[in-house]
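Please keep the viewer open and follow along point by point.

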Amino acid sequence: MTVETVATAPIAGQKPGTSGLRKKTHVFMGPHYLENFVQATFDAIGGVAGKTLVLGGDGRYFNDRAAQVILRMAAANGAVRVIVGTGAILSTPAASHLIRLHGTDGGIILSASHNPGGPDEDFGIKFNTPNGGPAPESVTEAIFARTQSIAEYRILSAQDLDLSAPGRRDLGGMAVDVVDPVADYAALMEGLFDFAAIRALFAGGFRMRMDSMCAVTGPYAREILERRLGAAPGTVVNATPLPDFGGLHPDPNPVWAKALMDEMMGPDAPDFGAASDGDGDRNMVVGRGIYVSPSDSLAVLAANAHLAPGYAGGLKGVARSMPTSAAVDRVARALGLPAYETPTGWKFFGNLLDAGRATLCGEESFGTGSDHVREKDGLWAILMWLNILAVRRQSVADILADHWARYGRTYYSRHDFEAIESARAEAMMTALRDSLADLPGQAIGGLTVQAADDFAYADPVDGSVSRHQGVRVLFADGSRIVLRLSGTGTEGATLRLYLERFEPDPARFGLDPQDALAPVIAAAHRIARIAEFTGRSQPDVIT
Ligand code: VG1
Ligand code: CO
């Protein structure tokens, strides 16, 4: 086995977005594409000589090939050890846990998360730092800068390594520890939640449906829900991870997890339904006949976390991304907890978690997590809900009703306009930004603008400042709209419009969110002139 130094040249566009670098799979499979980015990552963190890394991915098409390349590059760059999941599979939260458990120098996760997979779909790669969390902007910017000056990369010439079973292998002097992807993660969950209580719940006839969407959580959910917690066999559906996710779009929301929604809204629905995404860090929870919006889910978890043994001592604080609804803020106020508002993307929670300022974090995009790892964690959220249901012995609908009675209901929705021509989307955002100063005081369809700005975040721990994180318009009655462009797509631009309205009157808790938000939706279209700029008046996806 020899180390080859391969001459290469910078490839344009290797700029990580909200969560790592995501491109069409064929782009990643192009000459030097993956290698350039991996070498740039190694270089940006000061090399990997003498270091230990974690490696895994969500099993999508090209995951296996990419893992072999990265192992050979790690060995050629002098890494001493790589911990890799069997078959190069690790869910994102499980990878985060392994980095922390073994105190490694970071890890690489192969995933485009909720984006579809396959030769004609998406692939992605993300570097996580030694705290287990996604690299902060300072690191992703250094990686991007390096991709623009790279001239060579190092790779071992060697055969593929057998990753099909746990055990230690040698690759040119580098140890490769192949580990069961599920075992350590399942043990972590067992330490946080009251498995005995949840087992008793299932033993009493409680029925659940878990849709793993042919993505990475299948083996995790089977082991934890069916084997350790005694949920009926067959509780987990779409449980075998497939390279193309069986053609499904592994994004757990009412649109893409429609089969689950139909079952939960139908006759004889199970008591509880849940779904997770491609890499296992998102969750959707549904009760019999009732959908739980992610922002509400975060608020309910914050209000009830003390019922789970791992959180019995209470929370240090909560954090939410700016577009996430303020429902959790009301809980924080009642509990006397600090509440933080960060830009979109889990990387912004890392410092708050590391500094012990927040215990629970969440995003409106079906992401919830805690300080047990440094990623959002789909199964964690689902188990937290199960723990709460097992202790309270109420239905999901009753728990939500109780929550709204106490805190009021925050109606919330996100409208996505996908695959817009990038120039048009940019022009719309520019015009909107330019109009911000004139908005306050204007009355738009019965709503008066109180304030409008482009969200900037100063990290309270390291002082770093992130600007242009989304335009927000606040109305006098407390309603709010937020607009930003997605940083995870691979085709054109996706406009995300976030809509929120607080309702304190219990007589009005039963509305359809789209009806409750109608005036806010109308105001958003007028203020941002969405149809004029993009040619679209109806969103592609509503969550
Ligand atoms: C989206 C979500 C964001 C989330 C990110 C990664 O980003 O809005 O909340 O953190 O995806 O999630 P964007 O830039 O497209 O809005 V995952 O599960 O795709 O890693
Ligand atoms: Co994900």
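1. Is aspartate 177 buried or exposed? This is a predicted model, and in it aspartate 177 has a relative accessibility of 11%, so it counts as buried, the cut-off being under 20%. You will find aspartate 177 in strand β9, which covers residues 174-179. Leaving aside residues up to four places away in sequence, aspartate 177 touches Arg81, Val82, Ile83, Val84, Gly167 and Arg168.

2. Next, the overall layout. The chain is divided into domain 1 (2-181), domain 2 (185-407) and domain 3 (409-542). Taken over C-alpha atoms, the centres of domain 1 and domain 2 are 28 Å apart. Their contact draws 34 residues from domain 1 and 31 residues from domain 2.

3. How much area is buried between domain 1 and domain 2? The value is about 2,400 Å², with carbon and sulfur atoms giving 58% of that area. On the domain 1 side, Pro93, His97 and His114 lose the most area to domain 2, and together they make up 23% of what that side buries. Across this interface of domain 1 and domain 2, the rule finds 1 salt bridge.

4. Now for salt bridges in general: the structure holds 39 of them. One to look up links lysine 24 with glutamate 491, where the closest N and O atoms are 3.2 Å apart. This pair joins distant parts of the chain, since lysine 24 sits in strand β2 (residues 21-24) and glutamate 491 in the loop between β25 and β26, 467 residues apart. Lysine 24 is buried because its relative accessible area is 14%, and the cut-off is under 20%.

5. Another salt bridge brings together the side chains of glutamate 190 and arginine 228, at 2.8 Å from N to O. Glutamate 190 belongs to helix α6 (residues 183-192) and arginine 228 to helix α8 (residues 217-228), so the pair ties together parts 38 residues apart in sequence. Both partners count as partly exposed: glutamate 190 at 35% relative accessibility, and arginine 228 at 23%.

6. With aspartate 416 in strand β19 and arginine 496 in strand β26, the pair ties together parts that are 80 residues apart in sequence. Here aspartate 416 counts as buried at 3% relative accessibility, and arginine 496 counts as buried at 10%.

7. Some salt bridges form a network. It links Arg320, Asp329, Glu341, Asp453, Arg472, Arg480 and Glu500.

8. Finally, please look at helix α15. Which residues of α15 are buried? They are Ala425, Met428, Met429 and Leu432. These four cover an arc of only 95° around the axis, which puts them on the same side of α15. As a rule, residues three or four places apart in an α-helix point the same way, because there are 3.6 residues a turn. On the other side of α15, Ala423 and Asp434 are exposed.

9. What do the buried residues of α15 pack against? Their partners are the strands β19 (409-420), β24 (471-475), β25 (480-485) and β26 (493-503), along with the helices α17 (518-528) and α18 (530-534). The length of α15 can be checked too: at 1.5 Å a residue, its 14 residues (422-435) should span 20 Å, and the end C-alpha atoms are 20 Å apart, which agrees.

Terms used: Residues are numbered from 1 along each chain as its sequence is written. Chains are lettered from A and ligands numbered from 1 in the order in which they are written. This is a predicted model: local features need pLDDT of at least 70, side-chain atom pairs count only at pLDDT 80 or more; totals for chains, interfaces and linings use all residues. Side-chain values use heavy atoms; hydrogens and water are left out. Helices (H or I, at least four residues) and strands (E, at least two) are DSSP runs, numbered from the N terminus. The expected span of a helix is 1.5 Å times one less than its number of residues. Buried means under 20% relative accessible area, exposed over 50%, partly exposed in between (1.4 Å probe, protein chains only). The arc is that of the directions from the helix axis to the C-beta atoms. Contact means heavy atoms within 4.5 Å. Domain bounds come from an automatic or database domain assignment. Buried area is the accessible area (1.4 Å probe) that two parts lose on being put together, summed over both. A salt bridge is a side-chain nitrogen of Lys or Arg within 4 Å of a carboxyl oxygen of Asp or Glu.
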